[in-house]
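Let's take a walk through this protein together, starting with its overall shape and ending beside its ligand. Keep the picture open as you read.

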Amino acid sequence: MYKNNYVSVIIAAAGMSNRMRSSVNKQFISIDNKPILTHTLEKFEKCRYVDEIIVVAKEDEVDYCKRKIIRRFNFKKVSKVVKGGRERQDSVYNGLLALNENCNIVLIHDGARPFIKLKNIEESVEGTANYGACVVGVPVKDTIKIIQKDKSVLNTPDRNQIWAAQTPQSFRYDIIMKAYRSAIYDGFIGTDDSMLVERLGIDVKMILGSYENIKITTPEDLIVAESLLKDKEVIFNRKEFIFQSR
Ligand SMILES: Nc1ccn([C@@H]2O[C@H](COP(=O)(O)OP(=O)(O)OP(=O)(O)O)[C@@H](O)[C@H]2O)c(=O)n1
Ligand SMILES: C[C@](O)(CO)[C@H](O)COP(=O)(O)O
């Protein structure tokens, strides 16, 4: 319980893993000997502010998820595993409908982002209690081009204003419910949760995340994921690097 708030987390894990081209759902692939989803859930289970976790899984994987992830790794805060939908947005909405009746702060996170830092989870809860809506993200490193249908460049927006949105994306319960209901009513599908809130004219605050908080999407990301777990200390302990915090 965070200062009289009841904090719920929705972990979206019901995607198709098409870009991974794997025979199993990518969240069940192991990195460092544990399924990706287990790594993700551990981060939220550890957070002192989190009261409950709802996992959204594909309909035919709900049972597997309960047995092989939740029970096997003994996650105490996971209250429900519910079935997902066609789009990520449909899956998250199913999660929203399953929240504890006391919930007033909701964090929505991709099951495929196992490297979320505890600090960013805590900042998301604190930021949401203060501002109502927050998104974890990072400044983009590349120059971004807006292109047209024929692939010619239309323009180059000012990079200083462009951040890549990650998850968690966190909201006061009333705000996210209003945003989802409005999107459903209008037939609007966004690529993240924040978009649904932004379109109502509600202010969303950005929280500085980390470049490690990758979404495991394509096979190459598994190589990055393994090396983030194994080689990080070796690399960052080299004398060329002076990092203040990890
Ligand atoms: N209908 C969907 C689609 C996505 N997700 C979840 O949302 C997160 C982000 O989606 P993405 O990485 O794009 O996963 P997939 O949809 O599985 O990937 P792809 O588009 O390659 O099939 C993932 O943890 C995924 O499981 C979900 O719960 N329900
Ligand atoms: C929500 C998200 O992870 C923010 O970056 C992203 O938009 C999900 O998009 P996807 O196409 O479903 O991976």
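With 246 residues, a compact globule would have a radius of gyration near 18 Å, and the protein agrees, because its own value is 18 Å (taken over C-alpha atoms; the globule rule is 2.2 Å times the number of residues to the power 0.38). This is a predicted model, where local features need pLDDT of at least 70 and side-chain atom pairs count only at pLDDT 80 or more, while totals for chains, interfaces and linings use all residues. Residues are numbered from 1 along each chain as its sequence is written, and chains are lettered from A and ligands numbered from 1 in the order in which they are written.

The secondary structure comes to 8 helices and 11 strands (DSSP runs numbered from the N terminus: H or I of at least four residues for helices, E of at least two for strands).

Now find helix H2, residues 62-71, where Cys-65, Ile-69 and Ile-70 are buried (20 or more other C-beta atoms within 10 Å of a residue's own; exposed is 12 or fewer, partly exposed is in between, and C-beta atoms are placed from the backbone). Seen down the axis of H2, these buried residues fall within an arc of 80 degrees, so they line one face (the arc is that of the directions from the helix axis to the C-beta atoms). The face turned away carries exposed Asp-63, Arg-67 and Arg-71.

Finally, look at ligand 1: 20 residues surround it, and Ala-12, Gly-15, Asn-18, Arg-19 and Ser-91 are the closest (near means a C-beta atom, placed from the backbone, within 6 Å). Strand S1 (7-13) and helix H3 (88-97) each supply at least two residues of this shell.
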